[in-house]
Amino acid sequence: MALKNPQYVVEDAAPGSPVCWDDLYGRIKDEAIIEAFARCFYEGAAELIKSARQAVAQKSAEKIESAGHAIKGASSNLGAIALAKAAWQLENAGKEKRLAECEDLFVRVETEFERLMTLLQQEDWLEQVKQSG
């Protein structure tokens with residue numbers, strides 16, 4: 001996943017599945033491990049979002065950068081590209097101290113996070129992701 005283009009703009013919620021099967025399976029190639037990653041993400045991601053929300057509320061550039069980075073890494077591991085890109089933008093805004101943008105960027109992160117969590121709550125989430133390509 002190429003996240004180096006600072007001009008990249010995350011649109012509103014990406015169409016289709018919040019998880020890219022090709023990216024996810026291309027990284028891991030083992031469905032049991034994919035399911036274990038998903039469980040870990042599901043169990044711990046709310047804390048990541050909470051940390052980001054607090055950092056944005058506190059207008060702490062360093063904490064925003066750190067929280068964005070953590071969300072980017074966790075979501076990248078799960079093939080959640082739209083969430084990873086939104087988190088990357090939040091991370092960069094914190095790094096560059098562009099605090100005025102952080103609330104809007106966090107809304108995008110939160111939107112993609114909710115899409116992902118809604119998917120992961122489905123018993124057949126993995127099959128849905130495979131079918132979406």
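I started with Cys40, which is exposed, with a relative accessible area of 55%. My cut-offs: buried is under 20% relative accessible area, exposed is over 50%, and partly exposed is in between, with a 1.4 Å probe and protein chains only. Cys20 came next, and it is partly exposed at 27%.

Before going on, a note on what I'm looking at: this is a predicted model, where local features need pLDDT of at least 70, side-chain atom pairs count only at pLDDT 80 or more, and totals for chains, interfaces and linings use all residues. Residues are numbered from 1 along each chain as its sequence is written, and side-chain values use heavy atoms, with hydrogens and water left out.

How many disulfides does the rule give? I got zero, taking a disulfide as a pair of cysteine sulfur atoms within 2.5 Å.

**Salt bridges**

Then I ran the charged pairs, where a salt bridge is a side-chain nitrogen of Lys or Arg within 4 Å of a carboxyl oxygen of Asp or Glu. The count came to nine salt bridges. I wrote up some of them below; helices here (H or I, at least four residues) are DSSP runs, numbered from the N terminus, as are strands (E, at least two).

*Glu31 and Lys130.* I found these side chains in a salt bridge, 2.8 Å from N to O. Glu31 sits in helix H2 (residues 31–58) and Lys130 in helix H6 (residues 125–132), so this pair ties together parts that are 99 residues apart in sequence. I checked accessibility too: Glu31 is partly exposed at 32%, and Lys130 is partly exposed at 26%. Which residues are linked with them in a network of salt bridges? I noted Glu127 joining Glu31 and Lys130 there.

*Glu103 and Lys59.* Here the closest N and O atoms are 3.8 Å apart. This pair links distant parts of the chain, with Glu103 in helix H5 (residues 102–120) and Lys59 in the loop between H2 and helix H3 (61–77), 44 residues apart. I have Glu103 down as partly exposed, with a relative accessible area of 49%.

*Lys72 and Glu91.* I get 2.9 Å between the closest N and O atoms of this salt bridge. Lys72 belongs to helix H3 and Glu91 to helix H4 (residues 81–95), so the pair ties together parts that are 19 residues apart in sequence. Are these two buried or exposed? Lys72 is buried, at 15% relative accessible area, and Glu91 is buried as well, at 9%.
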